[in-house]
Amino acid sequence: MALTLYVDTARWRAHHKHVQEQFPGLVPVCKGNGYGFGHERLAEEATRLGSDILAVGTTYEAARIKDYFGGDLLVLTPYRRGEEPVPLPDRVIRSVSSVDGVYGLVGARVVIEVMSSMKRHGVNEHDLPQLHAAIENVRLEGFAIHLPLDRTDGSDAVEEVIGWMDRLRAARLPLHTMFVSHLKAEELARLQQQFPQTRFRARIGTRLWLGDHDATEYRGAVLDVTRVSKGDRFGYRQQKAASDGFLVVVAGGTSHGVGLEAPKALHGVMPRAKGVARAGLATVNRNLSPFVWGGKQRWFAEPPHMQVSILFVPSDAPEPKVGDELVAHLRHTTTQFDRIVDR
């Protein structure tokens, strides 16, 4: 019995086609754990979409995925001198975020990242004059800009890209292709209209693979159910049951990513209040699990184990049976399933 990712395949793929239609020249992104689906599966789906290029996070990912995808592979992590060399085919394109990096990739295919308001990495405006000589010894595939998700200052994403297009044009650098991230479809269309000689290619991962939340669902199988009375001791730490109910052993533990949560940016009073409440409950060993039974998320009876979790279900709820499956609200990018089922 397993933690299973169920996929409504027809609906999932219909969403892919919809995104592709909104973003002509789409570059699918497959990085990390493959957005919960795995590299091999997403390479297959990118091929199905007819993609000529697939973006990956690192050179190590490129080395793993090259046998599953026959088109070009764009490595998003910028090249740094001194990095461990990884044998890669010529169809791999390296991202570069410095003039020195360009000089270090003689003969390679490169995309040069410019510094956006993300302030993560990229060449600055004062670097542009030095790029003329540097790009003579590489095969320049284009420039790229990685934009923030939120714009709390009210700034405009299109204007930020236009600013960089103007700088690159003023520096007389080639503008045949610009890779962009985190633009809306209408924003991309505005840019394409304003710069018809440049091909804008949107690199998209989350919106493409995870944009239709109802197309996928995680479920953990019930492995054992034990009735307990108030005061009974259980588990590794021999805690006492707070009331009558059931200890439910369900597939899905820390090795799957259950109980591991990435930090979230909280906006507004209510989300912050809920965050404080959850933190307070955690100090008294009360942690809400991602598993749902009887219409409610159930509490962990104790911290999740490596491959299973033990939940406490109170006696006034329906009794789970071995073989039942509990829906689990899990984050795709931090979850590793046992199996995937298309339906």
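**View 1. A salt bridge between Asp212 and Arg11.** In this predicted model, the side chains of Asp212 and Arg11 meet in a salt bridge with an N to O distance of 2.7 Å. The pair links distant parts of the chain, since Asp212 sits in the loop between α8 and β10 (216-228) while Arg11 belongs to helix α1, and the two are 201 residues apart. Asp212 has a relative accessibility of 17% and therefore counts as buried, the limit being under 20%, whereas Arg11, at 38%, counts as partly exposed. A search of the whole structure finds 25 salt bridges.

**View 2. Helix α2 and its surroundings.** Helix α2 spans residues 39-48, and its buried residues are His39, Arg41, Leu42, Ala43, Glu45 and Ala46. These buried residues pack against helices α1 (9-22), α3 (59-65) and α8 (206-210), and also against strands β2 (27-28), β3 (53-56) and β18 (339-342). Just after α2, Gly50 adopts a positive phi of about 80 degrees.

**View 3. Charged side chains of α2.** Because Glu45 and Arg48 are three residues apart in helix α2, about one helical turn separates them. Glu45 is buried, with a relative accessible area of 1%. Both residues are part of a network of salt bridges that links Arg13, Arg41, Glu44, Glu45, Arg48 and Asp342. In general, side chains of opposite charge can pair when their charged atoms come close.

**View 4. The contact between Arg167 and Glu125.** Arg167 forms a salt bridge with Glu125, in which the closest N and O atoms are 3.6 Å apart. Arg167 is partly exposed, with a relative accessible area of 30%.

**View 5. The open sheet of eight strands.** The strands of this open sheet follow the order β2-β9-β8-β7-β6-β5-β4-β3, with parallel pairing. Its edge strands are β2 and β3, each of which pairs on one side only. Within the sheet, six bridges join β6 to the parallel strand β7 (residues 139-146), and Val110 stands opposite Leu140 in β7. Strands of a sheet pair through backbone hydrogen bonds, either parallel or antiparallel.

**View 6. The second largest pocket.** The second largest pocket holds about 840 Å³ of space and is lined by 31 residues, of which His146, Leu147, Leu149, Ser181 and His182 lie nearest its centre. Strands β8 (177-181) and β9 (199-204), together with helix α8, each supply at least two residues of the lining, and β9 gives the most, with three. By class, the lining is made up of 13 nonpolar, nine polar and nine charged residues.

**View 7. The surroundings of Thr198.** Thr198 lies in the loop between α7 (185-194) and β9, and is buried, with a relative accessible area of 6%. When its neighbours within four places in sequence are left aside, Thr198 is in contact with Met165, Leu175, His176, Thr177, Met178 and Gln192.

Note on methods: Residues are numbered from 1 along each chain as its sequence is written. This is a predicted model: local features need pLDDT of at least 70, side-chain atom pairs count only at pLDDT 80 or more; totals for chains, interfaces and linings use all residues. Side-chain values use heavy atoms; hydrogens and water are left out. Buried means under 20% relative accessible area, exposed over 50%, partly exposed in between (1.4 Å probe, protein chains only). Helices (H or I, at least four residues) and strands (E, at least two) are DSSP runs, numbered from the N terminus. Contact means heavy atoms within 4.5 Å. On a 1 Å grid over the protein atoms alone, a cavity is a set of points where a 1.4 Å probe fits but cannot get out, and a pocket is an open set with protein on both sides within 12 Å along at least five of seven lines; lining residues have an atom within 4 Å of a point. Grid points are joined across faces, edges and corners, and a volume is the space filled by probe spheres set on the points. Ala, Val, Leu, Ile, Met, Phe, Trp, Tyr, Cys and Pro count as nonpolar, Asp, Glu, Lys and Arg as charged, and the others, Gly among them, as polar. A salt bridge is a side-chain nitrogen of Lys or Arg within 4 Å of a carboxyl oxygen of Asp or Glu. Two strands pair if DSSP finds at least two bridges between them.
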